[in-house]
Amino acid sequence: MRMLLRIVGVLVVLSLIAGAYFAWSLNHVAALPTGPVTSVAAARILLKPIPDGPNAAQLRQGQYLARLGDCLSCHLRADGDAFAGGLGLNTPFGVIYSSNISSDPEHGIGHWTPDQFYRAMHDGVDAQGQHLYPAFPYPWFRNLSREDDDALLAYLKTTPPVAYQPPGNELFFPMNVRASVALWNVISLPPQPGAQTPQGASPEWIRGEAIVLGPGHCSQCHTPRNPFGADTRGKAFQGGLLDNFVSPDLTGNERTGLGRWSIDDITEYLHTGRNTRAAAGGPMGDVVTYSTSMMTDEDRHAIAVYLKSLPASADADSTAADPASIKRGAAVFSDACTACHLENAVGQPTLFPPLGNNAVAQQNDPTGVLHIILAGVRVGPSPTRPSPLTMPSFAWKLTDQQIADVSTYIRNSWGNRASPVTAADVAKLRSKLQLDEARLTDNSGDH
Amino acid sequence: MDKPVPGRRHFLITSAVVAGTGLAGAIGATVRDGELGAPPRTYKGGVPWTEGQADAPPGVSGDDFKFFTPAERVFIEAAVSRLIPNDEVGPGAVEANVPFFIDRQLAGPYGRGDHYYLGGPWPKGTPEQGYQSRFSPAQLYRAAIAAIDKYTHANFNGADFANLSDDDRDKLLKSMESGAIQLEDGVDAKTFFAMLLQNTKEGYFSDPIYGGNKDMAAWKMIGFPGAHYDYREWVTRHGEAVPFPPVGFKGRPGWNGEG
């Protein structure tokens, strides 16, 4: 009887969570950041040489893990200091602010013991015994070894202390009850490396898997979320949606995934944020800036080998586009897009991506391409390619119908195939991004 | 009215200057980035960029006149329609909405003279020294329109400039251009004519986003394609007509399936 009550209780909480998710996904408006994007200079701390000393090897290991784990993408807010946190993450359950993980003893983790840090990384429980929300990627970080965790903590304790308290989270019931996370853990943890390693896998493949499923936590964005905000089983790396951006399919699908990419294409992209096929913008731009651009060549190669082994996702059907929409879209494209992407969308290698056979353009969910047109995008700068090339926002210039037409045209030209986009799709995202009123700089607009 | 009271004349010009100053004070309180007097800014850490923010051209919205009074608007239409008349070559300045363009220019930073030094002293300069007036462009238009009408009242049987024949308007404009006539109230006829002609050309040929060049008619007339970008494919295609229709910052009819 007690068992039965427990099961009923679990089901009630689960349905509440699912209800909250759907209420959120229907109503919530996740706006764009209002300030400038995060500082590139802050990433330099991860390249600062660690002097020889008794524990130099451990500190260097910890610093490298901080690169692999992409800590700064979240633990750095615009105009903030490295590791001080305070970046608001829009999740389907509310806004979660990253914590201060600098060495500050009061606001950071300067006083944490290795046991406490291991528990946070492995079980998602902080030094006060509170459950951490899985926006902190402990479901992936739990795959690091105890030695790795000790090294990372030792390194973080050498970073400059920052006396800064990030804002409190803004979450909905029941996710604002931290104990609900305990339940989440039971149902939602992603697969561990090694669980599905095929016989005879190369050491390089195994290394790639360990990074991707471990510190790299790639599937947090690139696997679709289920209603509980966890990896959808059976859809690993088939592309997800984060912060109104599409994280593309990473499987061997030739249309939406990495099927056409060579291993060198992937390593170049991870290294520089650009290659002849694509440019890393949005959240992936941050990943390049704060993580993959600072990995070793061997690790980037290992990631590429692993990703190239992912079986292609099932190709989704697409509906045919209205020829009138294609014609209007072609007119917009020829006038508004060719300055950079050029006629026939051939692009400029490593500068402006070609749009033919472009995976982002052909994602089944058009949110990514619409986001880029509406809000613009910045290519993540990196030590080898420090210029953060940007595409401007076209929200002021193009109507919803024009954006729908040009997106439909792009998604169905030069070898591309994807379902058409409607003006209503654009209007919905424009409203979510709070761009109904164009956000103009001081010196634009009617005086 | 053949001998205006000096006090009234003084009042007119003073109120024009005060009204202009008030306008500048009210609108010019916010100095915008890139405008004269904007404070320097420091950026650190990386090239600044904000998602969703656009550096759009300062276009106009609406179709109401913000600066000209109804009477002044009649004057401007009568003047610019002689500078660029509507004929078989192409549309006239009025048809291309030039008066509206000039109105919005005068209501904004250009009209306020944000780009000029307008303090004293005000001796007559040489042409090489550029604009040498104590009036902002908006103040100059207001004072000049009044002064020209005063001139035509005195010399054309009390008629407003706008009621003169085409020939008389042409003659008057030409004598302003050459500096042959003297206007009252501190208005230099030659300076005003140069500004009016310049602004008329600007309104006729500039991007429609600024209110003039209606339907890109001026561009169609001269075959200018507007804000189209990539011509690389056409560099080696000699003797072929480039098929791109004119396009403005905010597009062209083809973007909406028209034309």
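This is a predicted model: local features need pLDDT of at least 70, side-chain atom pairs count only at pLDDT 80 or more; totals for chains, interfaces and linings use all residues.
Local features were taken at pLDDT of at least 70 and side-chain atom pairs at pLDDT 80 or more, whereas totals for chains, interfaces and linings use all residues. Residues are numbered from 1 along each chain as its sequence is written, and chains are lettered from A and ligands numbered from 1 in the order in which they are written.

Chain A has 17 helices and eight strands. Helices (H or I, at least four residues) and strands (E, at least two residues) are DSSP runs, numbered from the N terminus. Of the 447 residues in chain A, 49% are buried. A residue is counted as buried if 20 or more other C-beta atoms lie within 10 Å of its own, as exposed if 12 or fewer do, and as partly exposed in between, with C-beta atoms placed from the backbone. Among contacts in chain A between residues at least 6 apart in sequence, 68% join residues at least 24 apart. Two residues are in contact if their C-beta atoms, placed from the backbone, lie within 7 Å.

Chain B contains eight helices and one strand, and the pattern along its sequence is α-β-α-α-α-α-α-α-α. Buried residues account for 30% of the 259 residues in chain B. For contacts in chain B between residues at least 6 apart in sequence, the share that joins residues at least 24 apart is 61%.

In chain A, three strands form an open sheet in the order β1-β2-β3, with antiparallel pairing. Strands β1 (88-91) and β3 (170-171) of chain A stand at the edges and have a single partner strand each, so one side of each is left without a neighbour in the sheet. Strands are taken as paired if DSSP finds at least two bridges between them. The antiparallel pairing of β1(A) with β2 (residues 94-97) of chain A runs over four bridges, and these strands form a hairpin with two residues between them. Within this pairing, A:L89 stands opposite A:I96 and A:G88 stands opposite A:Y97.

Helices α8 (residues 203-213) and α12 (residues 297-308) of chain A have axes that come within 7 Å and cross at roughly 90 degrees. Axes are lines fitted to C-alpha atoms, for helices over the stretch in contact, and angles run from 0 to 180 degrees between N-to-C directions. The two helices α8(A) and α12(A) are therefore roughly perpendicular to each other; angles of 65 to 115 degrees fall in this class, those under 35 degrees count as roughly parallel, those over 145 as roughly antiparallel and the rest as oblique. On the α8(A) side, A:E204, A:W205, A:R207, A:G208, A:E209, A:I211 and A:V212 meet A:D299, A:H301, A:A302, A:I303, A:V305 and A:Y306 of α12(A). By class, this contact has seven nonpolar, two polar and four charged residues. Here Ala, Val, Leu, Ile, Met, Phe, Trp, Tyr, Cys and Pro count as nonpolar, Asp, Glu, Lys and Arg as charged, and the others, Gly among them, as polar.

A:F237 is buried, with 26 other C-beta atoms within 10 Å. A:W414 counts as partly exposed, having 15 C-beta neighbours inside 10 Å.

In chain B, helix α2 (residues 70-83) has 14 residues and reaches 20 Å from its first C-alpha to its last, close to the 20 Å expected at 1.5 Å a residue. The expected span is 1.5 Å times one less than the number of residues. Buried positions in α2(B) are B:E72, B:F75, B:I76, B:A79, B:V80, B:S81 and B:R82. These buried residues pack against α3 (98-107), α5 (137-155), α6 (166-178) and α7 (189-205) of chain B.

Two loops of chain B were also examined. B:P121 lies in the loop between α4 (109-112) and α5 of chain B and is joined to B:G120 by a cis peptide bond with omega of about -5 degrees. B:G211 lies in the loop between α7 and α8 (217-222) of chain B and counts as buried, with 24 C-beta neighbours inside 10 Å. Beyond its neighbours within four places in sequence, B:G211 is in contact with B:V60, B:N97, B:F100, B:F101 and B:R104. B:G211 and B:I102 are 109 residues apart in sequence and 8.5 Å apart in space, C-alpha to C-alpha.
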